[in-house]
Amino acid sequence: KGCFFYTPSDILIMDLKSEFNEFGFCYLPNVIGMEERLRIENDILKIINSLNEYSKIKDFTYEKDSEGNSFLKRFQNQWKYSESLLQSLGNPKILNSAWEIYGKNMVPTAESLVINSPGKNSGFNWHQDGYNNSFTDKDRGLNIGLYINDSTKFNGAVHVIPKSHLHGKIDFEKISKNNEFNIQDSLRVDLKGGDALIHSRS
């Protein structure tokens, strides 16, 4: 549940809005092909190999590994640094999916690229996006993640809790053991490179 897809003629089937509203997430296979994935991956590698040029730019976020070495975890406004990344933000399947859920008056608010570096413990703990202190906003939008590489249990796939977006603020420390991914009813979402995952920020 929580899945949707396009036909070979790029016609969206299934009631995406109802699925998203009920489950809080859905995935979109084959958003981009191998050629575009390779262009994006090559551009990302060029940026990583030229980090000295970007070391003082606020768009770039670094963390330290267990040996104290810095590594790039994510960077924002990626459209400024790569034509292929700029083009990915305008992907028709991604935009049409957002329009299907929120209507054509939807407003993009931010974009960033997360890099899951091998052996760097660069993942994320359980969380809800768009957090505010009062947590009064029942709907805080959605995230659309476009995956350049396969995402599996072996390299840190995203986990979701279906319908959790309907329950307001969640105390993850209380319901998970040491923030491990063993929460009841949670699902691991395995994705292929070129797929996209849409999930509620709530």
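Helices here are DSSP runs of at least four residues, numbered from the N terminus. The model on screen is predicted.

**Stop 1: Ile-40**

Select Ile-40, which lies in helix H2. Is Ile-40 buried or exposed? Its relative accessibility is 1%, so Ile-40 counts as buried. Show the residues around Ile-40: leaving out those up to four places away in sequence, Ile-40 touches Ile-32, Ser-84, Leu-85, Ser-88 and Ile-148. Ile-148 is 108 residues from Ile-40 in sequence, yet the two C-alpha atoms are 7.6 Å apart in space.

**Stop 2**

Glu-35 has a relative accessible area of 60%, so it is exposed. Arg-39, with 37%, is partly exposed.

**Stop 2: a salt bridge between strands**

Now select Lys-73 and Glu-63. These two form a salt bridge, and their closest N and O atoms are 3.3 Å apart. Lys-73 is in strand S5 (residues 70-76) and Glu-63 is in strand S4 (residues 60-64), so the pair ties together parts that are ten residues apart in sequence. Which relative accessibility does Lys-73 have? The value is 7%, so Lys-73 counts as buried. Glu-63 is partly exposed, at 33%.

**Stop 3: Asp-190 and Arg-188**

Asp-190 forms a salt bridge with Arg-188, and the closest N and O atoms are 2.7 Å apart. Asp-190 has 40% relative accessibility and counts as partly exposed. Arg-188 is partly exposed too, with a relative accessible area of 37%.

**Stop 4: the nonpolar cores**

Select Phe-60 and Phe-75. The largest nonpolar core has 17 residues, and these two touch the most other members. H2 and S5 each supply at least two residues of this core. H2 gives the most, with three residues. Next, show the surroundings of Phe-75. Not counting residues up to four places away in sequence, Phe-75 touches Ile-47, Asp-59, Phe-60, Tyr-81, Leu-85, Ser-112, Leu-113 and Ile-115. There is also a second, separate core of seven residues, including Phe-23, Phe-25, Leu-191 and Leu-197.

**Stop 5: Tyr-27**

Tyr-27 sits in strand S3, which covers residues 25-28. Tyr-27 and Leu-197 are 170 residues apart along the chain, while their C-alpha atoms are separated by 4.4 Å. The relative accessible area of Tyr-27 is 27%, so this residue is partly exposed.

**Stop 6: Lys-93**

Finish at Lys-93, whose place is in helix H4 (residues 92-102). Is Lys-93 buried or exposed? Lys-93 has 15% relative accessibility; the cut-off for buried is under 20%, so Lys-93 counts as buried.

Technical notes:
Residues are numbered from 1 along each chain as its sequence is written. This is a predicted model: local features need pLDDT of at least 70, side-chain atom pairs count only at pLDDT 80 or more; totals for chains, interfaces and linings use all residues. Side-chain values use heavy atoms; hydrogens and water are left out. Buried means under 20% relative accessible area, exposed over 50%, partly exposed in between (1.4 Å probe, protein chains only). A salt bridge is a side-chain nitrogen of Lys or Arg within 4 Å of a carboxyl oxygen of Asp or Glu. A nonpolar core is a set of buried Ala, Val, Leu, Ile, Met, Phe, Trp, Tyr and Cys residues joined through side-chain atoms within 4.5 Å. Contact means heavy atoms within 4.5 Å.
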